[in-house]
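Subject: Structure handover

Hello,

Please find the structure below. My notes on it follow.

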Amino acid sequence: MNGVGTGMVEPSGVFYRMVMAFLPNLFVALLLFVAGLILAKLLGFIFLRVFRVLKVDRFWNRAGIREVLARGGVKRPISVELSRLVSWLTILIFIVIALSALHIPFIETVLARTFLYLPNVFAAILILLAGVLLGNFFSRAILIALVNSGIREAGLIARITRVAILVFAVTMALEQLDIGKISVLIAFAIIFGGAVLAFALAFGFAVQPYVKAYLEKRMEEAGRQEGDGEKGDRIDHL
Amino acid sequence: MMKNAVLTKEIRDKVREIGHADIVVGIPSYNNAGTIGRVLGAVREGLATHYPRARSVVVNADGGSRDGTVEMVKMTCGDDVFSPQGRSGGFCTVVTPYQGIPGKGSAFRTIFEFAGAVGASALAVVDADLRSITPGWIGGLVGPVLDGGFDYVAPLYKRHKYDGTITNSIIYPLTRALYGKRVRQPIGGDFGFSGPMARRFFLSEEDIWESDVARYGIDIWVTTTAIAEDFKVCQSFLGSKIHDPKDPSEDLSTMLYQVVGAAFDLMETYETVWERVSGTEKIETFGTPYEVALEPVHANVRGMIERFRLGTSQLADLWQKFLGKEAVSFLKKLAGRGEREFFLPDDLWTEIIYRSAVGAHCEAINKEHLLRSLTPLYMGRTASFVIETEQDDSAEVEEKIERLCLAFEKKKPFLVETWQENKEVPP
């Protein structure tokens, strides 16, 4: 009986000691988590104020990102969304710190890997953001320039420009995330090269008669206008 | 040497050699070999006729012409250095390349510095592409400065009713409503300045010469600076203005962007001045306007309306960001109308310009995008104006321009209010 009793008591004792040793870690982890929640709330509030002072919403609107986000269902002002992001990042960081305070080897390994990967995620987000910004800026600039030059296909060309820049940004972001590095690059090269080739072939062969007819019509019109005195303006604008 | 100095060593040596001059006449040029000889002839004759006793210098600031402009100047003037011609005065000609961004403004900067360096009492600047300049222009631009004590002399021309449309539909009404002085040709291109006025321009901040002021923005900049800083301003009737067509590579959109952009930038600079101005007043006018024969001008109304329609179909969403829904909705309806019913009213046009100014001020969208997107709107307004004034003589056209100016004046409180509130148009 004594042997059985000793056999049961010893593991219990070990378990008890382990629990007692773990409890302070758990307590610290919980404390860190609660502190993280409070700090997240505080930082969210402070950053919201800072973003408003810096007129981030206005910059976002100007850059055309509000429209892009609205299409994706994000309706709130970007200052609110960014301050929420700050809050959630703070909570995430404190969860990670709290988990590491538990000193569980498996969790520590996973966290280490996650931490090493995080910069890639941020870089990818930045690349995507830059892609959206540049895509909007250049497509708008091209649209205005082409409209001012009287080119009817201005809208189409501007949209193609935006999509091309976005595709390029997505490819770079995926490469940054190490997702299908080679296959993404190959796919990008195939899609882009294919699109260019398709355009060239289409223009060279498939639409040849239409292009010919179109150019002939334009030349005829130009000739007629010359004859009719419908020349360009001779107005001195200044 | 001063921080803003742009004169080359050779020209500074020339300045030392000249010493003092009473009058400087500046001629900015770029590929004007076809006209500059005539301009120089008129200037020299004007100086000899009107100011025979004055020491005068003609400065040609050239932007690197490749058509023999500089050679033409040298051939016309020879190496005359104050040939006394039996009088105490006389004149000489200086040819210098200008430094900085290629453009008329950079040429002006060189001329301003030169005028300051020789201590000129009066400075006149005339374009090198003029075909209608007469010796009387020199008297008209310099006389009010030397005899009347004015600091700034704007030109007043007889022009074809379709000419100067940026002036007539935007710059004149806007400048007049903002600063309260009725300078009819604020961006005429030919001006007279007093010595202190030229010095004021030359001593401007360095970054001014990196902006559109260095290009087409120079004209509105000198005019606005003179008015807003309370210099003594007047205008002088010079007759008709006929000049060579502009370089086709310089498109309308760029011209509009530079001129209107400079006007909007000046609204930022002189915000405290124009916000306080209410009403407008005539300025003193020298010379008596008379009728002159003008060359016919062709206006392609159909082409302009097509550009407007294309703009409306492609840029309406962009315009809505600074013009608002109501205005854009009207523009869309207008785009659907035929040539006979095509009419863009003064009130709406005024609102478009004011809302664009506020849009640029509060950076509703990228400023260059905003300004360049105005081109189709301007085309629409010009087409509407041409249709409206088809049967009008010059006096009737002038009445219509006056009506537009009054619309700008009437709506100014709206501009002041929205500007101060820095309001963006609600999405």
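Helix axes here are lines fitted to C-alpha atoms over the stretch in contact, and angles run from 0 to 180 degrees between N-to-C directions. Helices (H or I, at least four residues) and strands (E, at least two) are DSSP runs, numbered from the N terminus. This is a predicted model, in which local features need pLDDT of at least 70, side-chain atom pairs count only at pLDDT 80 or more, and totals for chains, interfaces and linings use all residues. Residues are numbered from 1 along each chain as its sequence is written, while chains are lettered from A and ligands numbered from 1 in the order in which they are written.

Helix pair. The axes of α6(B) and α8(B) (residues 218-228) cross at roughly 20 degrees and come within 11 Å. The two helices are therefore roughly parallel (angles under 35 degrees; over 145 is roughly antiparallel, 65 to 115 roughly perpendicular and the rest oblique). On α6(B) the contact is made by I171(B), T175(B) and Y179(B), and on α8(B) by I220(B), T223(B), T224(B), I227(B) and A228(B). Contact means C-beta atoms, placed from the backbone, within 7 Å. By class, these residues are 5 nonpolar, 3 polar and no charged. Ala, Val, Leu, Ile, Met, Phe, Trp, Tyr, Cys and Pro count as nonpolar, Asp, Glu, Lys and Arg as charged, and the others, Gly among them, as polar.

Domains. Chain B has domain 1 (9-286) and domain 2 (301-421), with bounds from an automatic or database domain assignment. Their centres, taken over C-alpha atoms, are 30 Å apart. In the contact between them, 22 residues of domain 1 meet 26 residues of domain 2. On the domain 1 side, α6 (165-179) and α9 (252-269) give two or more residues each, and that side holds 12 nonpolar, 6 polar and 4 charged residues.

One residue. A107(B) lies in helix α4 (residues 104-117). A107(B) counts as buried because it has 29 C-beta neighbours inside 10 Å; the cut-off is 20 or more, with 12 or fewer exposed and partly exposed in between. Leaving out residues up to four places away in sequence, A107(B) touches P28(B), A61(B), G63(B) and Y98(B).

Regards

Technical notes: Contact = placed C-beta atoms within 7 Å.
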